[in-house]
Amino acid sequence: MPGGLVPPGSGVPTEGPGGGYAPAPPPSLPKRLLPPVATLAGVVAAFAYVGAVDPNEPGHYPVCPLLRFTGLYCPGCGGLRSAHAFAHGDLPAALGSNALAVVGYGIFAVVMAVWLVRAVRGVPMRLAVSPVWWWGTGAVLALFTLVRNLPFGSALAP
């Protein structure tokens, strides 16, 4: 590098026959824990708010635009009621409001646990999702939306 500057994150120059760079020291435990703990704190705060402000009472939250203008339930309809019930420990009511959201809570919990364990161990979290998973997720959302709007799928409607 010109002027003897070392690019950030490239390590520390070493002395020896080959020169080169030694790996940079790993970040401290608090720095590694900051992103997952901050994410978890944000989600806990959101659940605390939804748990405190009941979405079953009109006027607290906006109405779903798709439901308002078409009368059709989107995949997120009932999600706030589901989060409210989940925050109060009422799993049957949470599943009745939006079963797919409850599955999402479980997936989020697993991802957070893995992220926290990896952060403590100093292993970077890499979440690479292949296009097949994205297409599969879209197909599940579309199927859930379709079924919950048909007469035989009324159990999935909020």
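**Close-up views of a predicted model**

View 1. Where does V129 sit? Look for V129 in the loop that runs between α5 (99-121) and α6 (131-148). V129 counts as partly exposed, because its relative accessibility is 38%, and that value lies between the 20% and 50% cut-offs.

View 2. How many disulfides does the structure hold? The count is zero. Here's why C64 and C77 don't make one: the closest cysteine sulfur to that of C64 belongs to C77, and at 3.5 Å it's too far for a bond. Go from C77 instead and you land back on C64, again at 3.5 Å. A disulfide would need the two sulfur atoms within 2.5 Å.

**View 3. Helix α3 and what its buried residues pack against.** Helix α3 covers residues 79-87, and its buried residues are G79, S82, A83, H84 and A85. Which helices do these buried residues pack against? They pack against α1 (29-52), α4 (91-97) and α5. A handy reminder when you look down a helix: residues three or four places apart point the same way, because an α-helix has 3.6 residues a turn.

**View 4. What comes after α3.** Following α3 you'll meet G89. The phi of G89 is positive, near 80°.

How values were computed. Residues are numbered from 1 along each chain as its sequence is written. This is a predicted model: local features need pLDDT of at least 70, side-chain atom pairs count only at pLDDT 80 or more; totals for chains, interfaces and linings use all residues. Side-chain values use heavy atoms; hydrogens and water are left out. Helices (H or I, at least four residues) and strands (E, at least two) are DSSP runs, numbered from the N terminus. Buried means under 20% relative accessible area, exposed over 50%, partly exposed in between (1.4 Å probe, protein chains only). Contact means heavy atoms within 4.5 Å.
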